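I opened a notebook for this structure and wrote down what I looked up, entry by entry. The sequence and the structure come before the notes.

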Amino acid sequence: MATTTTTIVVCGDVEGSDVERRTLDLLPAALLETIMTKLDVASLCSLASTCKTLQSCVTRVLTFTPNFHVFNVSLSMETVRPLLYPNQQLSSLKLDCGRLGNSAIDILARPSLREISLHNCRDFSGDLISEIGRKCKDLRLLCLGSVAEKVGRSISRCALEDLLNGCSHLEVLALMFDLSLYLRPGDGRIFGLVSDKLTHLELGQISSRMMTQLLTPTEMSGQDSNRVTSTVLQNVQQLRLSVDCITDAVVKAISKSLTSLIDLDIRDAPLEDPRQLSDLTDFGLHEINQNGKLKHLSLIRSQEFHPTYFRRVSDQGMLFLADKCLGMESICLGGFCRVTDAGFKTILHSCASLSKFSIYHGPKLTDLVFHDILATTLSLSHVSLRRCHLLTDHAIQKLASSLKLENLDLRGCRNLRDETLKAVSHLPKLKVLLLDGTDISDTGLSYLKGGVLASLVSLSVRGCRNLTDKFMSTLFDGSSKMALRELDLSNLPNLTDGAIFALAKSGAPITKLQLRECRLIGDPSVMALASTRVHEDECPGSSLSLLDLYDCGSITQLSFKWLKKPFFPRLKWLGITGSVNRDIVDALARRRPQLQVSCRGEELGNDGEDDWDSADIHQHIEAQEDELEQWILGEGDVEMEDAEEESEEDASEED
């Protein structure tokens with residue numbers, strides 16, 4: 001049976017031409033709306049921004065669409081209410097709540113919902129959690145981020161009880177905020193109320209003591225004193241935790257109680273060196289994977305707040321771990337300062353199914369770990385060796401023998417030089433290459449030109465201080481088609497506007513460009529990027545969704561003229577030094593409220609230095625097209641122009 005595909009092509013601005021409007025008016029509205037039901041919210045809003053006929057159809061479709069997913073645009077209450085309130089068939093809601101508060105709870109907590117994922121809930125109190133529990137009885141997935149982080153907001157124990165009692169069908173639960181601020185040490189038992197259907201659990205911050213208490217079975221009293229209660233969370237397959245300190249007790253409780261566990265991801269970030277008696281030891285590692293089902297393991301001690309390590313774990317602990325983890329597919333270990341090549345090598349040679357191998361802060365890891373990697377049957381696709389200072393080019397040459405490598409993270413390996421790039425240049429599937437702080441040069445990066453550059457999607461050379469404009473001219477000479485979308489050139493003291501001219505001239509469809517702390521980058525770079533025209537998918541205009549210019553020494557108020565519309569139409573994140581001209585920065589933020597302007601040096605976007613490498617239970621939504629912003633906000637540059645005029649007047653007075 002033949003399949004018929006209907007395609008609508010609309011050109012022009014919001015008003016459209018007379019011919020276009022008459023052509024669309026001839027089509028039945030019911031037909032247009034039926035087609036639109038197959039589209040996501042971002043695509044619907046893109047259509048709505050093209051002409052009034054489609055805008056009218058989109059408005060009606062949004063009243064009965066089952067899924068409303070908008071993550072990278074923070075909508076206001078005035079926008080959310082008319083879009084969501086009439087919709088009685090909404091089953092999945094995924095939203096950035098950065099501009100919403102408690103007044104939006106009635107709109108967000110809907111009885112029809114089966115999936116709720118709300119990010120940046122800083123201005124909500126525990127009432128949001130409580131109302132979801134009371135109203136959303138059929139909920140299957142719940143992800144809440146940053147709840148009550150704003151000063152004056154709080155969460156009560158009762159709110160969590162309402163949630164866990166009310167949502168009895170939950171399969172995925174992610175509470176990505178600090179629970180330890182609102183729960184007493186003995187309150188961990190309230191998670192015993194959680195649905196027995198739960199398979200995925202993620203908790204942003206909880207104490208080890210509370211987690212141990214939760215998972216430790218309690219003895220019955222009286223006549224049943226020989227019995228113990230059934231364990232909670234017994235069907236959980238994926239567990240992600242951030243605790244105050246990883247201990248033997250919490251690892252043992254998890255391993256013995258969660259008999260269905262496939263994916264364990266646990267980290268801590270101590271404020272000081274843990275006490276010797278309570279820290280993780282070799283015997284704690286011996287307790288991992290008692291049931292033999294674990295496929296993914298991540299144990300990380302972050303140095304975010306204090307330079308501390310797992311000082312009681314040695315090579316013997318790695319031997320214990322290797323013996324229990326023969327079927328592992330991914331292992332991520334961070335902060336094991338006493339483990340030597342012998343320990344890490346045992347892991348590599350024991351886990352025949354390993355495809356992802358990550359070591360963070362391994363001060364004793366050397367080239368010998370990979371010396372005879374060809375003798376194994378490993379087929380590694382992801383390797384991260386971040387801040388392993390003793391590694392040299394020889395180790396990477398051995399690793400490059402795995403032609404299936406897709407992701408290679410070598411950040412902080414300061415002894416790696418150009419021979420590393422020559423080795424990886426022949427990897428046909430490599431998509432991500434992170435080289436921050438290595439000792440590479442322009443010559444080394446030129447090796448990428450003939451091979452891996454065709455497949456590379458993300459490249460970072462932050463802090464590689466030997467680099468100059470030359471490597472940019474070589475890579476972006478326009479002679480070959482590139483897959484590159486993300487480029488980090490931060491903290492390169494010799495990089496000038498000329499390098500950005502080469503990038504802009506090539507027309508490479510870069511979506512994320514980081515230039516922070518490049519002191520020689522200035523206004524000409526911004527103008528060149530604003531003038532870039534990328535014509536992929538017939539969508540003209542600069543492709544940048546993230547641009548980080550923080551602490552670029554030559555940026556002046558002239559750049560802000562190019563940061564307003566119609567330039568950079570897809571820009572969602574902007575990093576800038578606020579002291580350049582605070583009035584213009586504030587005016588830009590008001591003019592483009594969907595643009596997240598950072599002035600304090602925060603890292604932009606979703607990637608942080610200490611990302612968890614295990615699979616995320618959240619569905620990642622790609623950056624929304626700028627047509628959503630156009631449709632919601634309309635046009636006009638009044639505030640921006642007023643601020644510029646005031647700035648120019650001030651400058652004249654100073655003269």
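Which residues are buried in α13? I looked them up and found Asp341, Gly343, Phe344, Ile347 and Leu348. I note at the start that the model is predicted.

**Entry: overall counts**

I looked up the totals for the protein. It has 23 helices and 20 strands. Of its 655 residues, 52% are buried. I then took the contacts between residues at least 6 apart in sequence, and 75% of these join residues at least 24 apart.

**Entry: α13 and α12**

I went back to α13 and asked what its buried residues pack against. They pack against α12, β10 (330–334) and β11 (356–360).

I took α12 next. Helix α12 covers residues 315–324 and helix α13 covers residues 341–350. Their axes come within 8 Å and cross at roughly 10°. The crossing angle is under 35 degrees, so α12 is roughly parallel to α13. From α12, the residues in the contact are Asp315, Met318, Leu319, Leu321 and Ala322. From α13, they are Ala342, Gly343, Thr346, Ile347 and Ser350. I sorted this contact by class and got six nonpolar, three polar and one charged residues. Gly343 and Ile347 are on the list of buried residues in α13, and both are also in the contact with α12.

Two packed helices are described by the angle between their axes and the distance between the axes. I looked up both values for a second pair.

Helix α9 (residues 208–215) and helix α10 (residues 248–257) have axes that come within 9 Å and cross at roughly 30°. Angles under 35 degrees count as roughly parallel, and α9 and α10 are therefore roughly parallel to each other. The crossing of α9 past α10 is left-handed.

Which residues of α9 meet α10? I found Ser208, Met211, Thr212 and Leu215 on the α9 side. On the α10 side I found Ala249, Val250, Ala253, Ile254 and Ser257. The contact of α9 with α10 has six nonpolar, three polar and no charged residues.

**Entry: how enclosed α9 is**

I asked how many residues of α9 are buried. Six of the eight are, so α9 is largely enclosed by the rest of the structure. The buried ones are Ser208, Met210, Met211, Thr212, Leu214 and Leu215. They pack against β6, β7 (238–243) and α10.

**Entry: the nonpolar core**

I looked up the largest nonpolar core, which has 180 residues. The members that touch the most other members are Phe68, Leu95, Ile132, Leu233, Phe370, Val461 and Leu489.

I followed Leu233 from that list. Leaving out residues up to four places away in sequence, Leu233 touches Phe191, Val194, Leu198, Leu201, Met211, Leu214, Leu215 and Leu258. Met211, Leu214 and Leu215 are also among the buried residues of α9.

Is Glu202 buried or exposed? It is buried, with a relative accessible area of 4%. Glu202 sits in strand β6 (residues 200–206), and β6 is one of the elements that the buried residues of α9 pack against. I also took the spacing from Glu202 to Val172, which is 30 residues away along the chain. Their C-alpha atoms are separated by 8.4 Å.

Glu131 is in helix α7 (residues 127–135). It is buried too, with a relative accessible area of 17%. Apart from neighbours within four places in sequence, Glu131 is in contact with Ile105, Ala109 and Cys136.

**Entry: loop residues**

Ala508 lies between α18 (497–506) and β17 (512–514). Its relative accessibility is 11%, and it counts as buried. Ala508 and Arg485 are 23 residues apart in sequence, and their C-alpha atoms are 7.9 Å apart in space.

Asn289 lies in the loop between α11 (282–286) and β9 (296–301). Its phi is near 60°, a positive value in a residue other than glycine. Asn289 is buried, at a relative accessible area of 9%.

Asp551 lies in the loop between β18 (546–548) and α20 (558–563). The phi of Asp551 is near 60°, again a positive value in a residue other than glycine. Asp551 counts as partly exposed, at 28% relative accessibility.

Notes:
Residues are numbered from 1 along each chain as its sequence is written. This is a predicted model: local features need pLDDT of at least 70, side-chain atom pairs count only at pLDDT 80 or more; totals for chains, interfaces and linings use all residues. Side-chain values use heavy atoms; hydrogens and water are left out. Axes are lines fitted to C-alpha atoms, for helices over the stretch in contact, and angles run from 0 to 180 degrees between N-to-C directions. Helices (H or I, at least four residues) and strands (E, at least two) are DSSP runs, numbered from the N terminus. Angles under 35 degrees count as roughly parallel, over 145 as roughly antiparallel, 65 to 115 as roughly perpendicular and the rest as oblique. A crossing is left-handed if the near helix is turned anticlockwise from the far one by less than a right angle, and right-handed if clockwise. Contact means heavy atoms within 4.5 Å. Ala, Val, Leu, Ile, Met, Phe, Trp, Tyr, Cys and Pro count as nonpolar, Asp, Glu, Lys and Arg as charged, and the others, Gly among them, as polar. A nonpolar core is a set of buried Ala, Val, Leu, Ile, Met, Phe, Trp, Tyr and Cys residues joined through side-chain atoms within 4.5 Å. Buried means under 20% relative accessible area, exposed over 50%, partly exposed in between (1.4 Å probe, protein chains only).
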